[in-house]
Amino acid sequence: MIRTIEWTDAGVVMLDQKLLPAQETYRTYTDYTGVAEAIRSMVVRGAPAIGVAAAMGVALGVKASLARSAGELDREFATVCDHIAGTRPTAVNLFWAVDRMKAAYARAKVEAQGAAAGDLLASVRDALVKEALAVHREDVAANRALGRFGQELIPDGARILTHCNAGALATAGHGTALGVVRAAVEAGKKVSVFADETRPFLQGARLTAWELAHDGIPVTVITDNMAGHFMHKGEIDCVIVGADRIARNGDVANKIGTYGVAVLAKENGVPFYVAAPVSTLDLSIPDGGRIKIEERDPDEVRRIQGVAITPEGVPVKNPSFDVTPARYVGAIITERGVARPDYAESLPALQSASQS
Ligand code: MRU
């Protein structure tokens with residue numbers, strides 16, 4: 001399995017995704033501000049991996065604390081959580097993970113009630129490291145489970161289009177969309193993948209192609225504007241993408257360009273599936289109109305590997321995500337099962353199944 005992010009005694013170790021596919025470099029982060037910067041700059045990226053990084057970042061922040069009282073620890077903890085939560089706005093897994101760490105912190109404090117400051121700090125520290133490791137472990141298991149559910153939708157011989165990277169590099173495990181692909185391969189199906197290059201950050205060309213080639217799964221890179229052509233020619237059997245946030249009605253925020261792919265899929269009668277863990281559901285919002293879309297540095301559009309490709313001074317836009325309306329989504333594949341429309345009913349049912 002590709003090691004995307006790991007907790008070690010030396011710190012949080014991450015594969016630097018900005019350098020792939022040219023270089024496989026692991027970086028070790030020893031403080032929470034470093035982890036926050038890694039999330040912001042996309043050393044680590046992809047909604048579930050961002051969630052794991054956020055949990056580990058919070059644990060690192062508490063691990064380094066020298067607080068001398070419960071009040072001081074509370075203030076430090078709030079600073080750490082706010083700093084991590086301020087890194088990227090769209091992937092809900094980030095906020096889900098920070099909230100989970102807050103709940104673990106509150107539980108640990110109750111358990112250590114009445115203890116001296118040093119003992120309180122030690123128990124909170126242990127509890128938060130344990131929780132971050134659980135977030136990591138559960139993501140690996142969720143990938144496996146959703147892969148098993150999802151592969152049942154994939155016919156033998158399927159040519160699957162994906163957008164961005166929703167693979168091992170975007171998670172702690174096998175991936176979401178690519179977790180389904182890997183599960184189909186494990187089930188003995190001969191599938192192949194078309195990877196949209198995914199301008200401007202090129203997650204498809206750089207990352208999806210790298211990790212599938214690494215595992216020997218057939219992959220062909222196409223530019224984003226070729227997807228319609230191949231669908232129209234009947235060379236794509238289904239689309240599977242990941243998600244950064246899924247609203248109660250099934251609207252899906254994912255990497256910019258996903259919406260266009262979904263519309264093309266509908267026009268060409270190609271099934272369009274979304275694979276995501278339950279931690280990507282945001283049932284607190286009724287629809288995708290409430291999802292904050294991250295605007296990134298315009299230079300990501302203006303330059304490719306440092307070389308300018310637009311005339312000096314011409315404005316560019318760089319929204320990093322778009323929202324695909326639920327009517328284009330044939331199924332949402334989670335570790336609890338496969339949700340079908342009407343999502344306003346099926347998604348809450350899946351989420352409550354996860355709590356029982
Ligand atoms: O900006 P990124 O690279 O973090 O965006 C990632 C995506 O949009 C992925 O498709 C999504 O997070 C699903 S990852 C399993």
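Modeller: Here is the ligand site, from its setting to its contacts. This is a predicted model: local features need pLDDT of at least 70, side-chain atom pairs count only at pLDDT 80 or more, and totals for chains, interfaces and linings use all residues. Residues are numbered from 1 along each chain as its sequence is written, and side-chain values use heavy atoms, with hydrogens and water left out.

Domain 1 (5–144) and domain 2 (153–355) both give residues to the shell, so the ligand lies between them. The domain bounds come from an automatic or database assignment.

The shell holds 18 residues. A residue counts as near if one of its heavy atoms lies within 4 Å. The closest are Arg45, Arg88, Asp244, Asn254 and Lys255. By class, eight shell residues are nonpolar, six polar and four charged. Gly is counted as polar here. Helix H2 (47–63) and strand S9 (252–255) each supply at least two shell residues. Both are DSSP runs (helices H or I, at least four residues; strands E, at least two).

Now the polar contacts, meaning pairs of N or O atoms within 3.5 Å. Ala47 places a backbone N or O atom 2.8 Å from a ligand oxygen. Gln203 has a polar side-chain atom 2.8 Å from an oxygen of the ligand. Asn254 has a side-chain N or O atom 2.8 Å from a ligand oxygen. Taken alone, the ligand exposes 410 Å², and the protein buries 100% of that. Such areas come from the Shrake-Rupley method with a 1.4 Å probe.

Methods. Polar contact = N/O pair within 3.5 Å; in protein donor to acceptor, adjacent residues only side chain to side chain.
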